[in-house]
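Have the structure open while you read.

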Amino acid sequence: MDDRIIKKMLRGTMVVMVVTVLSTMLGMVVDGIVTSRFLGQEYMSAYGLANPIFNLLVAINGVLAAGIQVLCAKHIGTGEIERAKQVHTISVVVAFVIAVVLALVLFFGADGIGYLLGAKGKDAGLLPEVAGYLRGISIGVPGLMIAFVISSFMQIDSDRTRTIIAVVVMTVVNITGDLLVAFVFHGGLFEMGLATTISYYVALIIGLTHYLKKDNVLTFYFHGLRIKDALQMIRYGAPSGVVNLCITMRNIVMNRLLLLVATSVAVAAYSIQNTITAATNSVATGLGMAVLLVAGIIAGEEDRESAVKLIRVMMRLGFIIAVIEGVICFFMAEPLAAIFAGNDSRLLDEAAYCVKIYAFGFIGNVLNSQMENYVQGLGRVALANLFVVLDTFVYSVVVAWTLGWGFSLPIGFIWAAWAIGEFMVMLTIYIMAWKREGHMPRSFADYNFFPKGFGVDEADTYSFTVYEMQELIDSSIAAEEFCLEHGTDPEMARRLHLCIEEFGSNIIKHGFTADDKKHSIDVRISKKGEKYVIRIRDDCKPFNPEQMYEMRNPDDPTQNIGISIVFGIASSIQYVNTMDLNNLVVEIGGQKHERKLRERMKERMLQRKQKKVR
């Protein structure tokens, strides 16, 4: 089996995720530009102090969105569509409750929170603007969280265009609002936060139109809702939340360090650097979110081969992205920083210096974040949390405080702490893979970090990719021969052959010819106990074989006879179209099903004898 469909899943999902992240980051960039250039450096310092709270909101969103993607993807991977709908419903309810509580806490506790963030002592004059910004964005928390959650479902339901429209419109509204605040209303940070709030609700309204689609996999399903689904969703999504929580804590701690060893100009420069690198890193962030979703589906299928292919694709693509991002940040540091610093030469020099040094950490950061999303998608939450905490907080903060406060080295060493920390994480992952595999990692497969008991033995699995009818015929025969060589009952091997050839030929006839695009089919057979499971995945237009089976003419027994035979011998057939891919899971065998088949055969033989007698 090749990695064409894995690449397509990643790239297609990544495009939407990148647009989402980039639009959000662009909103932050515009907030920073307008604040720094038109409101002043003091306002930028206040914005920098308040920014960790925005990161905290993103962290909570990350928990819910990632947990939704992993849990829904797992249920879809196992064919449990009803369970995926239940997860969808409970997550929206939970997101709404959490959002209302957070909005109230932020609005009424803004002054106290601003004080804790550092607006005190010599910087007490920043408190009114810090609190104002927090109150402004607090009103939009419900819109932000629910819109973010719905966007996760839209990825799974192949509604990528609507997602892009929502985030683009949100960004335009946010930018327009910021400019109006600066040039028309001459407001402060409260009004800036309010403009962001309005953009969130616009995005939410557009997102809600997703539910007008008639072919959604994930719809509201209130029967049998389980509180434990919400808890499991939070558990699976924890690493994504921990990422943003650790970044929030890191920014708070770094701001404290910079105020101790430098001035508020360093804090403003650090805020500019965070905004620039977050925006340029949006492509890698989008890739990581796509990896999370694809890994969740692979985990539901317990597909070892596809998991290794995912590692290879994500690491190669991640490296290319990281190099491009690093080069852009290093060579464009001055003009990028000038967008924020304006005529403040001191702030410009400090920010450009900071961005240049940070550029050296992109390779480590991107590759580490892909591995974190991968293990999170597999359901290895504890391991993902460990990688995240080391990556986003422990190593970089310890190095920064050791060099900047402990040894009183120049500020450049504080800026370099992030890159040093990223390469320390890479070394940690390498050592852990070495210990787990029992030898020095030599290939991407050595970084699989599979959960205990994950997947089935290679001797019980056979997979292949086909691009044309003759390949399908040859591969179906090869699959039957493989099964026979591994001790499969001849009758069972024949059924597997029939299922693959019948479903595959229908996909080629109805899907490959529907447009001029190149298509392929991935087929995987695995033995699980007494049952055999066939997973067929293709990238054609939606095509549900159950509908063909239901539309057959009972008066014409020859119509769709192949499909009818397959439905007769299969114990279970599950179809779902998600992420613009058709996914078909067919189960054959099992003691109960075999017993029913034998009883059915006896009935047919008896009916034939009775007809002959008549």
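What follows covers the chain as a whole, then confidence, then a helix contact.

This is a predicted model, in which local features need pLDDT of at least 70, side-chain atom pairs count only at pLDDT 80 or more, and totals for chains, interfaces and linings use all residues. Numbering runs from 1 along each chain as its sequence is written, and side-chain values use heavy atoms, leaving out hydrogens and water.

You're looking at 22 helices and five strands (DSSP runs: H or I of at least four residues, E of at least two, numbered from the N terminus). Of the 614 residues, 57% are buried (under 20% relative accessible area, 1.4 Å probe, protein chains only). The chain exposes about 26100 Å², with carbon and sulfur atoms supplying 63% of that (Shrake-Rupley, 1.4 Å probe). Take the contacts (heavy atoms within 4.5 Å) with a separation of 6 or more: 78% of them join residues 24 or more positions apart.

As for pLDDT (the predictor's confidence in each residue, 0 to 100), the chain averages 81, and 88% of residues score at least 70.

| Element | Residues | Mean pLDDT |
|---|---|---|
| helix α22, lowest | 591-613 | 55 |
| helix α17, highest | 411-437 | 94 |

Now for α18 (residues 469-485) and α19 (residues 490-512): their axes come within 9 Å and cross at roughly 160° (lines fitted to C-alpha atoms over the stretch in contact, angles from 0 to 180 degrees between N-to-C directions). The two are therefore roughly antiparallel (over 145 degrees). Residues making the contact include Met469, Leu472 and Ile473 of α18 and Pro490, Ala493 and Arg494 of α19.

Definitions and conventions: Buried < 20%, exposed > 50% of the residue type's maximum accessible area, 1.4 Å probe, protein only. Parallel < 35°, antiparallel > 145°, perpendicular 65-115°, else oblique.
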